[in-house]
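I opened the notebook to record what I looked up in this structure. The entries follow the order in which I went through it.

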Amino acid sequence: MKFSLAVFLFAALLASGALASTSSSPGKEQVLYGHVTSVTRDGSSYRLHVDPAWWLTGVAAEHACGCKPVPNDHVVIDETHRLLTFAVRKDAPVTVLVRGRSSGKVTISVAELAQIVQGKNPRHRRLLEPRAAFWIRVLQTYPSPVVALDQQYQP
């Protein structure tokens, strides 16, 4: 009885490991935070230029700002303004913050984001924070494309 239970548990662990390996796991995707400075067309895709920063909470935020408690429970550190360039999938979802909708956010295309970053607003969206930074999801396989962007609310 004990042997069959052990075999069953071992098989269950193997199965759960196999299922976990098919999902998005650490090492396959990286999440960065930063301000999008430009989005440019590059053939059938786009190039994203980002000024990266660190979004810190907890003890790291306390040490970075030299304060306790940390205002708004976070601090953003942007030590350099070196731009990073990423390939962007043209079908990558981009979430921006808007006024007047119950959820406060709407998904737009990379093409529309490119226009918004240029100071245009082709769909006349009531943007809450046109200059707010984004959480940027990047695949870790060449060419390491951006697969999603989500704008971060900052009080």
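Predicted model: local features only at pLDDT ≥ 70, side-chain atom pairs only at ≥ 80, totals over all residues.

**Entry: the disulfide**

I looked for disulfides and the count came to 1. Cysteine 65 and cysteine 67 form it, with their sulfur atoms 2.0 Å apart. I looked up the turn about the S-S bond and found -95°, so I wrote the link of cysteine 65 and cysteine 67 down as left-handed. Is cysteine 65 buried or partly exposed? Its relative accessible area is 31%, which lies between 20% and 50%, so cysteine 65 is partly exposed. Cysteine 67, at 23% relative accessibility, counts as partly exposed too.

**Entry: the overall layout**

I listed the secondary structure and found 3 helices and 8 strands. Read along the sequence, the pattern is α-β-β-α-β-β-β-β-α-β-β. The protein has 155 residues, and 32% of them count as buried. It exposes about 10,100 Å², of which carbon and sulfur atoms supply 58%. I then took the contacts between residues at least 6 apart in sequence: 55% of them join residues at least 24 apart.

**Entry: the cores**

Which residues touch the most other members of the largest nonpolar core? They are Val39, Leu48 and Leu149, in a core of 24 residues. The elements that give two or more residues to this core include strands S1 (29–42), S2 (45–56) and S4 (84–88), as well as helix H3 (110–117). Strands S5 (94–97), S6 (105–108), S7 (134–139) and S8 (146–151) are also on that list. H3 gives the most, with 5 residues. Another core, of 5 residues, lies apart from this one, and Leu56, Ala61, Val70 and Val75 are among its members.

I went back to valine 39 for its contacts. Leaving out residues up to four places away in sequence, valine 39 touches Tyr46, Arg47, Leu48, Val110, Leu113, Ala114 and Val117.

**Entry: helix H3**

I checked how covered H3 is and found that 6 of its 8 residues are buried. They are Val110, Glu112, Leu113, Ala114, Ile116 and Val117. I noted the general rule that an α-helix has 3.6 residues a turn, so residues three or four places apart point the same way.

I then looked at glutamate 112, which lies in helix H3. Its relative accessible area is 6%, which is under 20%, so glutamate 112 is buried. Beyond its neighbours within four places in sequence, glutamate 112 is in contact with Pro122, Arg123 and Arg125. Glycine 119 follows H3, and its phi is positive, near 95°.

**Entry: strand S5**

I looked up which way the side chains of S5 point. Val94 and Val96 point one way, Thr95 and Leu97 point the other way, and all are buried. The general rule I wrote beside this is that side chains in a regular strand alternate between the two faces of the sheet.

Next I looked for the partners of S5. S5 and S6 run antiparallel and are joined by 4 bridges. Leucine 97 stands opposite lysine 105 in S6. S5 pairs with S8 in the parallel sense, over 2 bridges. Threonine 95 has aspartate 150 in S8 as its bridge partner.

Alanine 92 is in the loop between S4 and S5. Is alanine 92 buried or exposed? Alanine 92 is buried, with a relative accessible area of 4%. Leaving aside neighbours within four places in sequence, alanine 92 is in contact with Ile108, Val110, Val146, Val147 and Ala148. I also looked up alanine 92 against proline 145: they are 53 residues apart in sequence and 9.3 Å apart in space, C-alpha to C-alpha.

**Entry: aromatic pairs**

I counted 3 aromatic pairs. Tyrosine 33 and tryptophan 55 form one that is edge-to-face, at 5.3 Å centre to centre and 65° between the planes. Tyrosine 33 lies in strand S1 and tryptophan 55 in strand S2, so this pair ties together parts that are 22 residues apart in sequence. Tyrosine 33 is buried at 4% relative accessible area, whereas tryptophan 55 is partly exposed at 21%. Ring pairs link Tyr33, Trp55 and Trp135 into a cluster.

Methods
Residues numbered from 1 in each chain as written. Heavy atoms only, no water. Core = buried A, V, L, I, M, F, W, Y, C linked by side-chain atoms within 4.5 Å. Buried < 20%, exposed > 50% of the residue type's maximum accessible area, 1.4 Å probe, protein only. Contact = heavy atoms within 4.5 Å. Phe/Tyr/Trp six-rings, centres within 6.5 Å; stacked < 30°, edge-to-face > 60°. Pairing = 2+ DSSP bridges. Disulfide = S-S within 2.5 Å. Areas by Shrake-Rupley, 256 points an atom, 1.4 Å probe, with all protein chains shown as cover.
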